[in-house]
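Please open the model in your viewer and keep the sequence panel beside it, so that each selection can be followed in both.

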Amino acid sequence: MRAEDTSGTRDPARMLLMLLLAPALLWLAALILLPHVELGSLSLRARVAPRVYEPSLAQFRTFIDEPLYWHTFVRTAVISILATATTLLLAFPIAWTIAKIARGRTRSLLFVLCLIPFWVSETVRTLGWMILLRESGVLPALLVRLGLTPAPVELLYHDATILVGLVYTSMLFMVVPLISALESLDDSLIEAAYDLGGNGWSILRTIVIPHAAPGIVAGCIVVFMLTLGNYLTPTLLGGKNSQWFTEQIYTQFITRFNWEQGAAFGFLLLGLSTLIVWLGLKLSGQRFGEVMQQS
Amino acid sequence: MTATSGTATSAAPPDLQAEGLSKRFGDFRAVDDLSFSVERGSFFSILGPSGCGKTTLLRIIAGFLSPDTGEVRIGGKTMQGVPPNKRPVNMVFQHLALFPMMSVGENVGYGLSRRGVARDEIKRRVGDMLERVSLPSAQDKRVDQLSGGQKQRVAIARSLVLEPTLLLLDEPLGALDLKLRDHMKIELKQLQAAFGTTFVYITHDQSEALVLSDRVAVMNQGRFEQIGTPQDLYYAPQTPFVAGFVGANNAVQGRATQINGDRVTLASEKGLVISARAMGTVRVGDAVQAFVRPEVASLSRSAAPFTDAGLPHYQARIDSLLFDGANSAVLLHEEHSGTEFRIALPQTGHLSDLVVDESVSFGFDPQLAVCFAAGNEHAS
């Protein structure tokens with residue numbers, strides 16, 4: 001009797017919870033789970049005749065046998081890691097200034113300055129970079145006028161250009177978790193360390209970075225994933241030579257209409273990002289749940 | 001025992017000397033032309049209400065702020081341009097500021113490892129220090145596993161392990177609950193006695209200052225009102241501010257009507273006439289302020305004890321009874337003038353049967369009450 005009563009009062013609360021969760025669950029199921037299941041099955045079959053398929057690992061074998069593919073794969077990973085590290089190095093002083101030094105209006109102004117680029121679509125932003133960097137663009141002309149180069153140089157289509165574009169696109173996603181991590185650091189800890197004989201570098205190493213580690217790792221994960229999966233920036237700024245793995249996926253799906261190969265590449269990229277994030281967490285001694293609370 | 005601690009020479013300079021220290025923030029004088037010195041091995045407190053500039057003063061001594069004018073000398077050496085990490089001074093912060101990312105042992109060893117002391121040596125000295133503050137097995141504990149009092153001891157150990165000339169303490173008991181605070185007060189005093197390090201302690205809690213200190217400076221609006229032993233401050237306050245701030249006091253404003261030696265008689269606007277001992281110069285006709293401590297006045301159901309002793313006495317009616325064990329008191333108002341007084345109840349339990357609205361007599365020895373010429377800038 002009594003048990004029925006309590007379940008009776010609990011049911012509406014449960015219903016409400018399910019209702020509130022429904023959109024998120026639907027989103028997860030329809031847009032993430034289902035496509036991945038479909039892609040998974042696509043990647044593990046081979047076409048033997050029109051409309052006839054059989055289970056196979058042919059796609060993954062192609063990846064291993066064809067040097068261009070895994071070369072692109074490794075290259076994408078390395079540049080993404082490099083871009084993440086550069087973003088961290090550039091974002092840290094900015095986050096420190098916003099979290100610890102700036103006060104009141106300056107602080108919100110600085111934050112808005114970080115945000116402003118994101119009011120423009122990524123395409124337009126990247127095209128902006130192209131206007132600045134192309135051979136007939138603003139920066140090469142400036143270099144000629146300053147007498148630094150005899151003739152305009154092509155600044156587009158280098159690896160460094162891709163890096164610049166990726167860092168620029170990712171900055172905000174690093175700055176935000178860093179700010180929240182640094183804000184929660186009690187200033188008196190820094191003063192105490194200084195009082196006990198620490199100097200700037202040792203305090204950064206022993207107090208600030210250990211405290212901000214979850215924020216740093218959170219920012220790095222977000223930036224790394226965004227960079228690894230970025231298509232537009234490497235394609236536009238790197239041109240034909242960019243050799244970004246998402247381009248290979250695009251080519252397989254759209255140009256070659258080889259969905260099986262594209263799906264296999266997609267899963268390889270997923271595996272790669274998972275592996276690198278896992279390695280990053282292991283190396284920094286952080287736990288995923290803790291880190292995600294920071295971001 | 002070691003060469004570093006053997007600095008006791010015959011004519012040792014005071015551990016801390018300040019000369020003409022000033023610090024302004026805009027128009028606000030946080031510290032206003034302060035000069036003082038603190039003797040080696042003593043416990044010196046700076047007592048003042050919040051916003052009186054005591055934290056600014058402490059931060060100047062620690063080196064986190066530089067004074068606009070004046071100079072700090074520690075152990076006889078000028079600290080002009082010496083950053084906090086190079087001063088022979090350590091600080092215990094208000095919320096202790098223990099490093100949560102480190103173990104207790106690492107916290108205590110932090111300063112030593114910054115000095116480049118060898119790892120084994122650090123381990124030994126940290127162990128010794130933790131034993132001296134009665135936390136012998138806490139090396140590997142996390143900071144959040146400690147109780148409030150243990151954290152306090154770790155914070156002090158972390159500073160004292162560096163054998164500083166001076167230990168600064170910024171209201172370290174402020175965040176503790178009352179019971180623990182009373183306990184830690186005693187512990188702090190014992191620690192200071194055991195280590196013999198000079199302590200400079202700032203607080204707004206007069207009881208902490210009185211219990212702990214060898215000497216106390218009462219600070220108000222960037223200046224020291226009085227520097228003296230706790231007994232001096234309590235029994236012979238030099239300014240109305242000190243009389244009002246240190247310990248409980250009944251204040252009566254009025255005009256001096258008669259002066260007899262150091263005895264001033266004053267009449268309040270409402271018509272109360274009392275006598276008190278003059279502190280500083282008081283002339284007839286001056287606006288004056290007198291202070292009578294609750295325990296200086298005594299209560300009686302009849303006027304006889306006062307007339308027998310030849311003391312002035314007043315009729316009063318009880319407004320409320322404040323029972324608090326040994327600190328019990330009554331609030332009453334004098335019947336003619338309506339002036340309110342707080343008077344301590346005898347600790348013997350005598351008069352514990354008083355009731356509200358009862359009519360009683362009270363009186364006090366005028367020699368034990370103090371009177372100042374009022375109208376000074378510090379009247380509070």
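Residues are numbered from 1 along each chain as its sequence is written, and chains are lettered from A and ligands numbered from 1 in the order in which they are written.

**Confidence**

Begin by colouring both chains by pLDDT, the predictor's confidence in each residue, from 0 to 100. Chain A averages 89, with 96% of its residues scoring at least 70, and for chain B the mean is 89, with 96% of the residues at 70 or more. For the complex, the predictor gives an ipTM of 0.82 and a pTM of 0.81.

Now select residues 1–5 of chain A, where pLDDT stays under 50 and the model has zero contacts beyond four places in sequence; two residues are in contact if their C-beta atoms, placed from the backbone, lie within 7 Å. In chain B, residues 1–10 also stay under 50, and there the model has two contacts beyond four places in sequence. Where pLDDT is low, the predicted coordinates should not be read in detail.

Helices (H or I, at least four residues) and strands (E, at least two) are DSSP runs, numbered from the N terminus, and two strands pair if DSSP finds at least two bridges between them. Two residues lie between the strands of the hairpin, and A:Arg51 takes a positive phi near 60°.

Next select α7(A), residues 159–183, a helix of 25 residues that reaches 35 Å from its first C-alpha to its last. That is close to the 36 Å expected at 1.5 Å a residue, the expected span being 1.5 Å times one less than the number of residues. Centre the view on A:Ser170, where α7(A) has a kink of about 45°; the bend at a residue is the angle between axes fitted to the seven residues ending there and the seven starting there.

**Where the chains meet**

Show both chains together: 17 residues of chain B are in contact with 15 residues of chain A. On the chain B side, β6 (89–92) and α2 (104–114) are the elements that give two or more residues, and α2(B) supplies the largest share, three residues.

**Chain B: a sheet of four strands**

Select β2, β1, β4 and β5 of chain B, which form an open antiparallel sheet in that order. At the edges stand β2 (28–38) and β5 (77–78), each with a single partner strand, so one side of each is left without a neighbour in the sheet. Two bridges pair β4(B), residues 69–74, with β5(B), and B:Arg73 stands opposite B:Thr78 there.

**Chain B: a sheet of five strands**

Last, select the open antiparallel sheet of chain B whose five strands are ordered β15-β19-β16-β17-β18. Its edges are β15 (298–300) and β18 (340–344), each with a single partner strand, so one side of each has no neighbour in the sheet.

Which residue of β19(B) stands opposite B:Leu299? Display the antiparallel pair of β15(B) and β19(B) (359–363), which share three bridges, and B:Phe362 is found opposite B:Leu299, while B:Ser361 is opposite B:Ser300.

Note on methods:
This is a predicted model: local features need pLDDT of at least 70, side-chain atom pairs count only at pLDDT 80 or more; totals for chains, interfaces and linings use all residues.
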